[in-house]
Amino acid sequence: MAWHEWPLILFTVLSQTAVGAFLVLGCVTLSGKLSKDEDTRLHRSMFFLWALMGLGLMASIMHLGSPFRAFNALNRVGSSWLSNEIFASSLFFAAGGFYWLLNVLNKGSESVKKALLLLAMLIGAGFMYAMIKVYLINTVPTWNSVYTPLTFLLTMTISGLVFAHTLLVGSKHNHRDLDNVLPTVAAIALAISVIVTISQMIGLSHVSSAIVEASDLIPNMMTLQVLRIGLLFIGFALMFSPRLLSSKPALPMMLLSFGCVLVSELINRGVFYGLHMSVGM
């Protein structure tokens, strides 16, 4: 486990969770399902989404060694995927945060807020694309594969869905269909995640350099993956159980569900960075 990369672990997981949740809540808002009171309560709850994104950005600055050099990372916007990633993350935080602030303060016309919401959603998608491209490096065979985009997108989907559902429950929405659809989509994403994990672990046995095999990089890989998947299933069970019992989800249960999923994704990202290796010597 590459826990020494904790700033990047936090940045990638927290920002993917925030973007995923924002995309889900943006779709809910644009659908027009929410009443004015529900919409107001939801946007107040979205404070925690931007707090999570802010924590992720702070963690990314810690990775730079000296926070005062943070602006240097923007020197190659347009020619470097790392600079593009940092620029897109800042732009997403600014555009999405401004949209949220307008709603909380009840300022601006509905058309302006809708346009800003759509813009922030597009920027968020671009941010995720740039983040994926950062890690598709030819000299790192364990990262330069289809599993990197799959893993990142699954983190965004699973943890984003659970976080969005938690915020919706916290805002006391009254739409049973959302309580049915979101856990169902999360279940599909979880099943895909398990398949991807098994396929990747099998594929690692075929990746090696002159001095090390990828399957030997993390000796306790199986234990970590069992723990990660176990936490995912616990989080999913807590999220899905109200649907089976025909009851409304409770906020404490959803918070526990999100906590399990978030820890699971942090473990998975630690494994991802632990699999770093270079070709040749």
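This is a predicted model: local features need pLDDT of at least 70, side-chain atom pairs count only at pLDDT 80 or more; totals for chains, interfaces and linings use all residues.
Leaving out residues up to four places away in sequence, Tyr135 touches Leu8, Thr12, Trp143, Asn144, Thr148, Phe152, Phe272 and Tyr273. Three of these names return in the packing of α1 against α9, where Leu8 and Thr12 belong to the α1 side and Tyr273 to the α9 side.

That helix pair can be described in turn. Two packed helices are characterised by the angle between their axes together with the distance separating those axes. For α1 (residues 6-31) and α9 (residues 251-274), the angle is about 135 degrees and the axes lie 9 Å apart. The arrangement of α1 relative to α9 is therefore oblique, and the crossing of the two helices is right-handed. On the α1 side, the contact is formed by Leu8, Ile9, Leu10, Thr12, Val13, Leu14, Gln16 and Thr17. These residues meet Phe258, Leu262, Glu265, Leu266, Arg269, Gly270 and Tyr273 of α9. Sorted by class, the contact comprises nine nonpolar, four polar and two charged residues.

Helix α1 also carries Val28. With a relative accessible area of 6%, under the 20% limit, Val28 counts as buried. Beyond its neighbours within four places in sequence, Val28 is in contact with Lys33, Leu34, Leu168 and Leu178. Val28 and Val134 are separated by 106 residues in sequence, and their C-alpha atoms are 30 Å apart in space.

Ser193 sits in helix α7, and its relative accessibility of 6% is why Ser193 is classed as buried. What does Ser193 touch, once residues up to four places away in sequence are set aside? The partners of Ser193 are Leu154, Ile158, Arg228 and Leu232.

Key. Residues are numbered from 1 along each chain as its sequence is written. Side-chain values use heavy atoms; hydrogens and water are left out. Axes are lines fitted to C-alpha atoms, for helices over the stretch in contact, and angles run from 0 to 180 degrees between N-to-C directions. Helices (H or I, at least four residues) and strands (E, at least two) are DSSP runs, numbered from the N terminus. Angles under 35 degrees count as roughly parallel, over 145 as roughly antiparallel, 65 to 115 as roughly perpendicular and the rest as oblique. A crossing is left-handed if the near helix is turned anticlockwise from the far one by less than a right angle, and right-handed if clockwise. Contact means heavy atoms within 4.5 Å. Ala, Val, Leu, Ile, Met, Phe, Trp, Tyr, Cys and Pro count as nonpolar, Asp, Glu, Lys and Arg as charged, and the others, Gly among them, as polar. Buried means under 20% relative accessible area, exposed over 50%, partly exposed in between (1.4 Å probe, protein chains only).
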